Amino acid sequence: MPVPESAAHGFSEECIVVDKASKSFGKRTVLDQVSLSVKKGEIYGLLGPSGSGKTTLVRLITGLDIPDGGSVTLLGEPMPKLSILSRIGYMAQSDALYGELTAQENLSFFASLYGLKGPELDRRMKAVAELVKLSGELKKPVQQFSGGMKRRLSLAVALMHEPEVLVLDEPTVGIDPVLRMSIWEELEGLRQRGVTILVTTHVMDEAEKCDRLAMIRDGHVIATGSPDELKTASGSATMEDAFVTYGGGVR
């Protein structure tokens, strides 16, 4: 019982368009004819359990993988396209950091890939370190960081070059509730400044914070819409109940 995409949320320009994208690995179909669109300046959530295909879809959107069928367009360009990468901030599910380097050295290295240097580099490093509450840890080797600290640093890396589009794959896994709330407040601030944010999650209260959602199950989009639209259409009081209703029960 899919919910039509709504144009009533104040967003117009399409930033990300996925059209009937499919992806298989061997004989296993991970994504099957997936279609969705993300408007400029909204927080769009991909909601689904582990193994539902969320990360594979993110890899197609960011150009890290190529669909077997269908297409992906980002910022008006077909993906993958190398020139688009400088306009994207990507936080993977697994932290891609250099353990032997300090947090500051990691930030400097990744920032250099986008041409940041001098006073601008210092300004951005200070800003993102404060955001993720790592200002006092920048001189520490990343191999001494906890899992939660590494997630925070990965988010800082994704934000360093002030991207137009921010793609976050399970960004708050292993992060304490207080900092998780702070990060979502910052995401809302970025949205208000026109940044388009795509976030994957399986946490229902995070899904409630998104402007719109695509519920994904077994490689299919089973419903799209705002949290309120999805709950209303499924006759559910909570997102968890709505997800179970759309999915036809627990499998």
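Lys20 lies in strand β1 (residues 14-25) and has a positive phi of about 50° although it is not a glycine. Strands (E, at least two residues) and helices (H or I, at least four) are DSSP runs, numbered from the N terminus. The model is a predicted one, in which local features need pLDDT of at least 70 and side-chain atom pairs count only at pLDDT 80 or more, whereas totals for chains, interfaces and linings use all residues. Residues are numbered from 1 along each chain as its sequence is written, and side-chain values use heavy atoms, with hydrogens and water left out. Pro80 is found in the loop between β5 (77-78) and β6.

Helix packing is considered next. Two packed helices are described by the angle between their axes and the distance between the axes. Here axes are lines fitted to C-alpha atoms, for helices over the stretch in contact, and angles run from 0 to 180 degrees between N-to-C directions. Angles under 35 degrees count as roughly parallel, over 145 as roughly antiparallel, 65 to 115 as roughly perpendicular and the rest as oblique.

The axes of helix α2 (residues 103-112) and α4 come within 9 Å and cross at roughly 30°; α2 and α4 are therefore roughly parallel to each other. Their crossing is right-handed, a term used if the near helix is turned clockwise from the far one by less than a right angle, with left-handed used if anticlockwise. Ala103, Asn106, Leu107 and Phe110 of α2 make the contact with Leu153, Ala156 and Val157 of α4, contact meaning heavy atoms within 4.5 Å. By class, the residues of this contact are six nonpolar, one polar and no charged. Ala, Val, Leu, Ile, Met, Phe, Trp, Tyr, Cys and Pro count as nonpolar, Asp, Glu, Lys and Arg as charged, and the others, Gly among them, as polar.

Helix α2 also packs on α3, where the axes come within 11 Å and cross at roughly 125°. The two helices α2 and α3 are therefore oblique to each other, and α2 passes α3 in a right-handed crossing. On the α2 side the contact is made by Gln104, Leu107, Ser108 and Ala111, and on the α3 side by Leu121, Met125 and Val128. These residues divide into five nonpolar, two polar and no charged.

For helix α7 (residues 227-234) and helix α8 (residues 239-246), the axes come within 9 Å and cross at roughly 55°. Helices α7 and α8 are therefore oblique to each other, and their crossing is left-handed. The contact involves Pro227, Leu230, Lys231, Ala233 and Ser234 of α7 together with Met239, Ala242, Thr245 and Tyr246 of α8. Six of its residues are nonpolar, two polar and one charged.

Pockets were located on a 1 Å grid over the protein atoms alone; a pocket is an open set of points with protein on both sides within 12 Å along at least five of seven lines, and lining residues have an atom within 4 Å of a point. Grid points are joined across faces, edges and corners, and a volume is the space filled by probe spheres set on the points, the probe being 1.4 Å.

The largest pocket has a volume of about 490 Å³. It is lined by 19 residues, of which Tyr90, Met91, Phe110, Tyr114 and Val157 are the closest to its centre. Two or more lining residues come from each of β6 (88-91) and α4 (147-159), and β6 gives the most, with four residues. The lining has 13 nonpolar, five polar and one charged residues.

The second largest pocket has a volume of about 200 Å³. Its lining consists of Arg124, Ala127, Val128, Leu131, Leu159, Glu162, Pro163, Leu166, Glu186, Leu190, Arg193 and Val195. The lining divides into eight nonpolar, no polar and four charged residues.
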